[in-house]
Amino acid sequence: MSEFINLSSKEIVIGENAFKKLFPNTSIPFPITEEIAQGLGYSIVFSSRHPATNSPYEVVVRDGVELIEEKYYEKWKVTTVSSEQQKVIDDEKAKFVRNERNAKLSETDHLALSDVTLSDQMKKYRQDLRDLPAAHGDSWPHNVSWPTKP
């Protein structure tokens, strides 16, 4: 969605329709170019690349606009979510990883029937899957090393 910044008040207008409504008696062509916007005392706010995050607890949020080489661009910052949000992220990720683990166990359930002898390697694989949360300690559930299926 297009954004425009008032060059004197620095007020942001979001959307071309909202921009056109500011000038009800003016015929404004589509698309609105930088030249047209500046002629009306505004500038287009151009998109910019989002910064990278380094943890599952970081999010990118808008932090206004910045002027770079006479053009306005979106400004972004990385911020850490609250401890309550971190718990929600951990719980959702753990649920996802457990579902994946359960699917891997289900793939080998037919080998664990009473009339089938389970190999030691398969017993170890299945036990390693069950032990995933405890085996990963503080890195659970975000950094999981899956055991290799024999």
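Student: I would like to start at isoleucine 14; where is its place?

Tutor: Isoleucine 14 sits in strand β2. Strands (E, at least two residues) and helices (H or I, at least four) are DSSP runs, numbered from the N terminus. Before we go on, note that this is a predicted model: local features need pLDDT of at least 70, side-chain atom pairs count only at pLDDT 80 or more, and totals for chains, interfaces and linings use all residues. Residues are numbered from 1 along each chain as its sequence is written, and side-chain values use heavy atoms, with hydrogens and water left out.

Student: Thanks! Which residues make the nonpolar surface patch?

Tutor: First the idea: patches are made of residues with over 30% relative accessible area and no salt bridge, where like charges are joined within 9 Å and nonpolar side chains (Val, Leu, Ile, Met, Phe, Trp, Tyr) within 5 Å. The areas come from the Shrake-Rupley method with a 1.4 Å probe, and for residues only the protein chains shown count as cover. Here, Met1, Ile12 and Ile14 form a nonpolar patch of about 350 Å².

Student: In what order do the elements run from the N terminus on?

Tutor: The order is β-β-α-α-β-β-β-α-α-α, with five helices and five strands in the protein. The radius of gyration, taken over C-alpha atoms, can be set beside the globule rule, 2.2 Å times the number of residues to the power 0.38. For 150 residues that rule gives 15 Å, while the protein has 27 Å, well over it, so the protein is more spread out than a compact globule. Along the principal axes, the C-alpha atoms fill a box of roughly 85 × 30 × 25 Å.

Student: And what percentage of the residues count as buried?

Tutor: Buried means under 20% relative accessible area, exposed over 50%, and partly exposed in between, again with a 1.4 Å probe and protein chains only. Of the 150 residues, 24% count as buried. The protein exposes about 10,300 Å², and carbon and sulfur atoms supply 50% of that area.

Student: Let me try helix α3; what should its 26 residues span?

Tutor: The expected span is 1.5 Å times one less than the number of residues in the helix. For α3, residues 83–108, this gives 38 Å, and the end C-alpha atoms are 38 Å apart, which agrees. Its buried residues are Ala94, Val97, Arg101, Leu105 and Thr108. They pack against α4 (120–130) and α5, where a contact means heavy atoms within 4.5 Å.

Student: How many salt bridges does the structure hold?

Tutor: A salt bridge is a side-chain nitrogen of Lys or Arg within 4 Å of a carboxyl oxygen of Asp or Glu. The structure holds six of them. One of these joins the side chains of lysine 75 and aspartate 63, at 4.0 Å from N to O. Lysine 75 is in strand β5 and aspartate 63 in strand β4, so the pair ties together parts that are twelve residues apart in sequence. Lysine 75 is partly exposed at 31% relative accessibility, and aspartate 63 is partly exposed at 32%.

Student: Which helix holds both lysine 87 and aspartate 91?

Tutor: Both lie in helix α3, four residues apart, about one turn of the helix. Lysine 87 counts as exposed at 51%, whereas aspartate 91 is partly exposed at 41%.

Student: Is arginine 126 buried or exposed?

Tutor: Arginine 126 is buried, with a relative accessible area of 8%. The side chain of arginine 126 meets that of aspartate 109 in a salt bridge of 3.2 Å, N to O. This pair links distant parts of the chain, 17 residues apart: arginine 126 is in helix α4, and aspartate 109 is in the loop between α3 and α4. Aspartate 109 is partly exposed at 37%.

Student: Now the backbone: what joins phenylalanine 30 and proline 31?

Tutor: A cis peptide bond, with omega about -5°. Proline 31 is in the loop between α1 (16–21) and α2 (34–39). Another cis peptide bond joins tryptophan 140 and proline 141, with omega about 0°, and proline 141 falls in the segment after α5 (132–136).

Student: What is phi of lysine 10 near?

Tutor: Phi is near 65°, a positive value in a residue other than glycine. Lysine 10 lies in the loop between β1 (3–6) and β2 (12–14) and is partly exposed at 42%. Glutamate 69, not a glycine, has a positive phi of about 50°. Glutamate 69 is in the loop between β4 (58–68) and β5 (71–80), and counts as exposed at 76% relative accessibility.
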